[in-house]
Each structure stands twice: as structure tokens, then as C-alpha cells.
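Reader: Hi! I have a model open here and would like to talk it through with you. Could you help me find my way around?

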Amino acid sequence: MRPQHDLPGGADLLQRFQAFRYSVFRLETLQVHAGSGEEEGIAAFHRGEPYIPDAVEMAYAGMVRAHRAAGKVWQRVHAVREPISDYMAYELTWEYG
């Protein structure tokens, strides 16, 4: 997985996720994230391999847990169109699971 700060707008987005005071809301509408750096994970998912989070995913999850433990609210919505794309199948199963 590519670090969030390497994505367009990623450094600002990551800083906002780290510094918010009470709540954060993220709306996602893209059905495919080409060039996201997740190609290896997507291929492994489609081969039926087990999910193994990488260091970036573990750090992000740790940040979310720490904020939630401090009483902060995290909300994330991903609008999905049917039939779902291969990327959405991967993301809904591995990344949101």
C-alpha cells in the first residue's frame, strides 16, 4: 500500500486526520483507485491469499484506535455502484474488513 502522504493532497489529508479535535468524516466516491500502490494487494486478494496488513495499514489503524480511545468520532462513507468493481470487492473485503 502506498503511504497516504504520497497521494495527491495526501500530506494535507494525513495532517488533518492526525490533528482533528472532535470528529472527522470522509466521503469516498471513486470505484477504482488506479495507481494507488495497492496493485500487489489486489492481485493477492484475487488469488485468494490471506490478508496480511502492511506497516502503513497498521500505523493508520493504530492512529484511528488512539483517536477513538480519546473519544473522537471517525466516520467514513464509500458510495458504491453496482456491479461493484474488482477494486471495490478488494477494498470492501480486505481494507474495510
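Reader: Where is Ala34 found?

Author: Ala34 sits in the loop between strand 1 (23-28) and helix 2; helices (H or I, at least four residues) and strands (E, at least two) are DSSP runs, numbered from the N terminus. Before we go on, this is a predicted model, in which local features need pLDDT of at least 70, side-chain atom pairs count only at pLDDT 80 or more, and totals for chains, interfaces and linings use all residues. Residues are numbered from 1 along each chain as its sequence is written, and side-chain values use heavy atoms, with hydrogens and water left out.

Reader: Thanks! Why does Ala34 count as exposed?

Author: Because its relative accessibility is 75%. Exposed means over 50% relative accessible area, buried under 20%, and partly exposed in between (1.4 Å probe, protein chains only).

Reader: What separates the C-alpha atoms of Ala34 and Tyr87?

Author: A distance of 9.0 Å, although the two residues are 53 residues apart along the chain.

Reader: Switching to the inside: which residues form the largest nonpolar core?

Author: There are eight: Ile42, Ala44, Phe45, Tyr87, Met88, Ala89, Tyr90 and Trp94. A nonpolar core is a set of buried Ala, Val, Leu, Ile, Met, Phe, Trp, Tyr and Cys residues joined through side-chain atoms within 4.5 Å.

Reader: And which elements give two or more residues to this core?

Author: Helix 2 and helix 4 do, with helix 4 supplying the largest share, five residues. Apart from this core lies another, of seven residues, including Leu14, Phe17, Val24 and Trp74.

Reader: What does Tyr90 touch?

Author: Leaving out residues up to four places away in sequence, Tyr90 touches Glu38, Gly41, Ile42, Phe45 and Glu95. Contact means heavy atoms within 4.5 Å.

Reader: Nice. How many helices and strands does the chain have?

Author: Four helices and two strands, running α-β-α-α-β-α from the N terminus on.

Reader: How much of the chain do buried residues make up?

Author: Buried residues are 28% of the 97 residues.

Reader: One more: what share of the contacts with a separation of 6 or more comes from residues 24 or more positions apart?

Author: That share is 75%.
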